[in-house]
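Trainee: I am new to this structure and would like to know what stands behind the labels used for it.
Mentor: Then ask about the labels one at a time.

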Amino acid sequence: MWVESKLFLSIDELKPGMITAEAVFNSFGNVLLWDNTVLNDQMINHLKNMGILTVAVYKHQQHEITDTARMAEENVRRFAAEYENDARHTKKIFEEISSGKRLNKEEADNIADSVIKKAGNNRYIIDSVMQVRNVDEYTYYHSINVSLLCMMIGKWMKLSEKDINNLTLAGLLHDIGKTKIAPEILNKPGKLTDSEFEEIKRHSEYGYYILKETAGIPAEVATAILTHHEKEDGSGYPMGLTGDQLNLYSKIITVADIFDAMTAKRIYKNNDTPFKVFELMQHGSFGVLDPLVLKTFLENVTGYYVGSKVRLNTEEIGEV
């Protein structure tokens, strides 16, 4: 590789194949990308989602793309295509229920199987979760994201294969009850009235009844859908249950649901940065989220956002 000079481009001017001329840091001093990194679409979108405005790249460059790099690019494209396909099939399931049909369990199982096959691709999963999505499609992408996050948490907690399968399915279907709520309430950009909010809160009950009417759905999966908005201290809904009354699937879904909802950009809210969400979940969730599930999630997921090296106040590079 040879270079002649570098220039600073806005995030919207970046193109795949450009090479970073300087390391890219977030506001905390964590390294997002090192210098001499060949940019791809996934990296550029990740920088956008992290709030990066400008990046230094080499003005003239010549770079030999290795077979390994090309293979990595292909893996990214393949994962993205599979992710979009899962979201399309999820949308189909939701739309069928909205039209009065029963849940297609075979189709749901196929999507959950596709999610589980993505185990080991955590870097791609996290990048996909952080993508800005069309707000009209939010529910479908949110369902896939929660399913992916639940699967990852289940793996990190070393749950059995059966539990991971059930947990992944439960994450996928946790918001299925929203198919019974009027779109004008579900997608309302302004503040909900008290009665509208109460209707939104019923989605967990609606989802429970949908699953209870579906043959082959494990009881603990249906129960998790009913209770995924319950909290450890009894402050949740619909029944105000406490942590000792909740199953593990429900506790895991709650953590995954909150994380994805807080980092997503929707009609009525801008997304928060992952670092702000980590802080809120860690310091603002005592008594609300299961401490073991939350600890497992934060200890594992932060590594995909926080660089292993940071720039200190002295401008020195140190390890986290």
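**Labels and the values behind them**

Mentor: The count of salt bridges comes to 15. The model is a predicted one.

Trainee: What makes K6 and E22 a salt bridge?

Mentor: The closest N and O atoms of K6 and E22 are 2.6 Å apart. The cut-off is within 4 Å, so the pair qualifies. K6 lies in strand β1 (residues 6-10) and E22 in the loop between β1 and β2 (24-25), so the pair ties together parts that are 16 residues apart in sequence.

Trainee: Why are K6 and E22 called partly exposed?

Mentor: K6 has a relative accessibility of 44%, and E22 has a relative accessible area of 30%. Buried means under 20% and exposed means over 50%, so values in between are called partly exposed. Both residues therefore get that label.

Trainee: How do you know that D12 and K48 form a salt bridge?

Mentor: Their closest N and O atoms are 3.7 Å apart, and the limit is 4 Å. This pair links distant parts of the chain, with D12 in the loop between β1 and β2 and K48 in helix α1 (residues 41-49), 36 residues apart.

Trainee: Which labels do D12 and K48 get for accessibility?

Mentor: D12 is at 59%, which is over 50%, so D12 counts as exposed. K48 is at 39% and therefore counts as partly exposed.

Trainee: What makes E137 and K91 a salt bridge?

Mentor: The closest N and O atoms of E137 and K91 are 3.4 Å apart, and the rule asks for within 4 Å. The two lie in distant parts of the chain: E137 is in the loop between α4 (122-129) and α5 (138-156), K91 is in helix α2 (residues 67-98), and 46 residues separate them.

Trainee: Which residues are linked in a network of salt bridges?

Mentor: The network links E74, R77 and R78.

Trainee: How do you know that β1 and β4 pair?

Mentor: Five bridges join β1 to β4, and at least two are needed, so the strands count as paired. They run antiparallel. One of the bridges has S10 with T54 of β4 as its partner.

Trainee: Why is β4 called mostly covered?

Mentor: Strand β4 (residues 54-58) has five residues, and four of them are buried.

Trainee: Which residues have the most contacts inside the largest nonpolar core?

Mentor: They are L14, L47, I153 and F297, in a core of 74 residues. The largest share of this core, 11 residues, comes from α5. L14 touches L9, L39, I44, L47, V55 and V57, leaving out residues up to four places away in sequence.

Trainee: Which residues of α13 are buried, and what covers them?

Mentor: In helix α13 (residues 291-301), the buried residues include V293, L294, F297 and V301. Their cover includes α4, α5, α11 (248-263) and α12 (274-283).

Trainee: What makes D290 a cap of α13?

Mentor: A side-chain oxygen of D290 lies 3.1 Å from the backbone nitrogen of L292, at the N-terminal end of α13. The limit for a polar contact is 3.5 Å.

Trainee: How many aromatic pairs are there?

Mentor: The search of the whole structure finds five.

Trainee: Why is the pair of Y83 and Y141 called stacked?

Mentor: Their ring centres are 5.9 Å apart and their planes stand at 25 degrees. The limits are within 6.5 Å and under 30 degrees, so the pair is stacked. Y83 belongs to helix α2 and Y141 to helix α5, 58 residues apart. Y83 is at 1% relative accessibility and Y141 at 12%; under 20% means buried, so both are buried.

Trainee: What makes Y208 and Y209 edge-to-face?

Mentor: The angle between their planes is 65 degrees, with 5.7 Å centre to centre. An angle over 60 degrees counts as edge-to-face.

Trainee: Why is H229 called buried?

Mentor: H229 is at 15% relative accessibility, under the 20% cut-off, so H229 counts as buried. H229 is found in the loop between α10 (219-227) and α11. The side chain of H229 makes a polar contact with the side chain of H203, at 3.3 Å.

Conventions: Residues are numbered from 1 along each chain as its sequence is written. This is a predicted model: local features need pLDDT of at least 70, side-chain atom pairs count only at pLDDT 80 or more; totals for chains, interfaces and linings use all residues. Side-chain values use heavy atoms; hydrogens and water are left out. A salt bridge is a side-chain nitrogen of Lys or Arg within 4 Å of a carboxyl oxygen of Asp or Glu. Helices (H or I, at least four residues) and strands (E, at least two) are DSSP runs, numbered from the N terminus. Buried means under 20% relative accessible area, exposed over 50%, partly exposed in between (1.4 Å probe, protein chains only). A nonpolar core is a set of buried Ala, Val, Leu, Ile, Met, Phe, Trp, Tyr and Cys residues joined through side-chain atoms within 4.5 Å. Contact means heavy atoms within 4.5 Å. A polar contact is a pair of N or O atoms within 3.5 Å; within protein, one must be able to donate a hydrogen and the other to accept it, and residues adjacent in sequence count only if both atoms are side-chain atoms. Rings of Phe, Tyr and Trp (its six-membered ring) pair if their centres lie within 6.5 Å; planes under 30 degrees apart count as stacked, over 60 as edge-to-face and the rest as tilted.
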